[in-house]
Amino acid sequence: MRPDLEIIQQWVKPGHHVLDLGCGDGTLLDFLQRERQATGFGLEINPDHITTCMGKGVAVIEQNLDTQGLDNFDDGMFDIVLMTQALQAVRRPDKVLDEMLRLGREGIVTFPNFAHWRLRWGLALSGRMPESEALPYKWYNTPNIRLCTFKDFEALCRQKGIRIKSRRVVDGQHQNSWSARLWPNLLGEIAIYRITRENEQ
Amino acid sequence: MPDSLPADSVGIVTPQSYHFDTPIELACGQKLGNYDLVVETYGELNADASNAVLICHALSGHHHAAGYHSMEDRKPGWWDSCIGPGKPIDTNRFFVVSLNNLGGCHGSTGPNSENPATGKPYGPEFPVITVSDWVQSQAVLADRLGIQCWAAVVGGSLGGMQALQWSLDYPDRLRHSVVIASTPRLTAQNIAFNEVARQAITSDREFHGGRYYDFDTVPRRGLMLARMVGHITYLSDASMGEKFGRELREEAYKFGYDAEFQVESYLRYQGERFSESFDANTYLLMTRALDYFDPAYEHDGDLSRAIAAAQCEFLVLSFSTDWRFTPQRSEEMVNAMISARKKVSYAEIDAPWGHDAFLIPTPRYTDIFTAYMDRVAREVGA
């Protein structure tokens with residue numbers, strides 16, 4: 001069990017209706033279906049991932065967030081909307097966050113921290129765009145077009161009236177570490193945010 | 001045909017006819033007192049009858065979906081690419097049932113069958129059949145075969161409409177509904193094409209108000225035209241372009257009106273072959289069944305309310321260049337299923353062949369279909 005999934009599943013209650021944006025090969029939804037009796041859908045555009053989801057019995061819809069949006073989903077129809085490691089790959093993360101909290105009472109977002117010390121160090125020393133385990137691409141072919149830091153994300157949430165219910169900061173292997181807890185924006189590689197609208201409990 | 005049968009073929013198959021004498025009540029208000037359905041089956045029904053898959057055919061389809069009738073056959077059944085050992089609908093695991101629908105012209109009771117009341121072919125007296133009527137007759141067939149619940153009901157185009165209708169009319173009698181290259185209702189353009197086809201048939205002098213059997217003739221030209229116009233809607237501009245382009249049959253223009261372009265002679269050939277083997281009244285009936293299909297109609301046009309009755313899981317597939325039933329029509333269906341909180345998976349397959357793509361085994365289509373059906377098989381222990 002991937003540690004980030006372990007953390008996320010604690011926030012999903014039995015029978016929750018869940019939407020997973022960029023669900024990949026369906027590992028998380030498959031787990032939530034079996035362990036939490038959750039229902040719901042994954043959205044994905046990678047053909048191989050879509051096939052894998054179908055083979056697993058994960059309901060997957062081929063739908064591109066950037067070009068097709070989420071208009072086909074009704075307000076408040078999900079308990080939780082998930083987006084793991086995909087926020088940095090969409091054209092308008094701010095609008096996706098709005099949509100997530102239109103469709104669900106709660107959102108769970110994970111993304112890599114562009115302010116991690118190794119990335120800062122790499123850029124400072126080499127003067128080249130940093131690469132890491134979480135961000136293994138070249139600047140010209142990376143799908144990660146909207147990289148941000150934990151601080152950036154939290155500023156956006158404040159600006160939008162989004163409340164952060166909890167935040168877990170982990171390293172590249174999704175492990176907890178005392179150092180990442182101490183200086184998250186410097187030492188944390190990946191954050192798992194649990195968000196909701198200000199007026200939601 | 002083949003000197004030896006391919007290893008992934010269901011082999012030589014023999015259709016079987018079932019007679020039913022409990023009257024069936026049709027949507028039009030009429031009853032059909034007794035009728036026959038011609039059926040082919042592939043694979044073995046397991047002990048708890050949980051591995052049965054129903055194949056629903058499209059406009060010009062029939063019961064012969066896979067395998068060969070004899071070693072002399074030039075071609076296998078119409079969906080041989082997807083049904084057989086190791087194929088997406090794996091006959092080593094599933095018991096596959098494929099029938100000729102009521103109103104058809106390949107052995108099941110239809111306009112060219114004898115009307116017991118008159119001793120002559122039904123002709124125009126044969127009632128108009130709807131998709132719901134077909135589903136009802138298929139349920140009667142399932143009873144006869146000892147199948148309480150289908151592992152899956154599968155169909156492309158008009159067949160997909162039947163797969164969808166099954167989920168609404170008999171929600172507890174199927175686990176999965178696989179709806180391929182289909183639509184929740186015809187558009188005005190779709191109906192318009194059907195109307196051109198029907199006009200071609202009914203305006204043929206040999207049609208005789210549908211009683212051509214009595215005159216020992218068939219409205220061949222009308223049927224040929226109907227098929228030609230239909231055939232155009234099954235292909236894409238690109239696939240026609242690639243196949244024929246502007247290629248001429250001879251080197252230069254002849255400044256006349258014979259078939260000079262390859263595409264003309266192809267369409268004429270297709271139309272002629274079809275007119276030799278298909279019944280004109282059945283063509284009228286099938287196109288009307290298409291026109292009438294609209295499960296949302298009884299729910300003020302709200303498809304998600306219509307779909308609320310369904311209990312099965314859905315797989316919906318569309319093809320990028322299908323302009324007859326576009327991917328948008330499939331997405332309409334998927335969105336209604338999402339709104340109704342049904343479990344649905346959807347993919348749009350990139351394929352250049354237009355509507356016909358559902359009959360052609362492109363790699364991604366085959367992969368998805370195989371993965372989904374494999375999971376259905378595991379679910380029912382097949």
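## Strand 4 of chain B

In strand 8 of chain B, Val39(B) has Leu99(B) as its bridge partner. This is a predicted model, in which local features need pLDDT of at least 70, side-chain atom pairs count only at pLDDT 80 or more, and totals for chains, interfaces and linings use all residues. Residues are numbered from 1 along each chain as its sequence is written, while chains are lettered from A and ligands numbered from 1 in the order in which they are written.

Strand 4 (residues 35–42) and strand 8 (residues 95–99) of chain B run antiparallel, joined by four bridges. Strands are DSSP runs of E with at least two residues, helices are runs of H or I with at least four, and both are numbered from the N terminus. Two strands pair if DSSP finds at least two bridges between them. Strand 4 of chain B also runs antiparallel to strand 1 (residues 16–20) of chain B, with five bridges. There, His19(B) stands opposite Asp36(B).

Why is strand 4 of chain B largely enclosed by the rest of the structure? Six of its eight residues are buried. A residue is buried if 20 or more other C-beta atoms lie within 10 Å of its own, exposed if 12 or fewer, and partly exposed in between; C-beta atoms are placed from the backbone.

## Helix 2 of chain B

Helix 2 (residues 158–169) of chain B has 12 residues. From first C-alpha to last it reaches 16 Å, close to the expected 16 Å at 1.5 Å a residue. The expected span is 1.5 Å times one less than the number of residues.

This helix is mostly covered, with 10 of its 12 residues buried. Among them are Leu158(B), Met161(B) and Trp166(B). The cover includes strand 5 (52–56), helix 1 (131–145) and helix 7 of chain B.

## The nonpolar core

The largest nonpolar core has 151 residues. Such a core is a set of buried Ala, Val, Leu, Ile, Met, Phe, Trp, Tyr and Cys residues joined through C-beta atoms within 7 Å. Leu82(A) and Val53(B) touch the most other members. Helix 7 (residues 280–292) of chain B gives the most to this core, with seven residues.

Val53(B) touches several residues beyond four places away in sequence, including Ile89(B), Phe94(B) and Trp150(B). Two residues are in contact if their C-beta atoms, placed from the backbone, lie within 7 Å.

## Where the chains meet

In all, 17 residues of chain B are in contact with 14 residues of chain A. Helix 9 (327–339), strand 14 (344–349) and helix 10 (363–379) of chain B each give two or more residues to this side of chain B. Helix 10 of chain B gives the most, with seven residues. The residues on this side divide into eight nonpolar, three polar and six charged. Here Ala, Val, Leu, Ile, Met, Phe, Trp, Tyr, Cys and Pro count as nonpolar, Asp, Glu, Lys and Arg as charged, and the others, Gly among them, as polar.

Met337(B) lies in helix 9 of chain B. Met337(B) is buried, with 29 other C-beta atoms within 10 Å. Not counting residues up to four places away in sequence, Met337(B) touches Ile307(B), Phe314(B), Lys342(B) and Val344(B).

## Chain A as a whole

Chain A has nine helices and seven strands. Of its 201 residues, 39% count as buried. Its C-alpha atoms fill a box of roughly 50 × 40 × 30 Å, taken along the principal axes.
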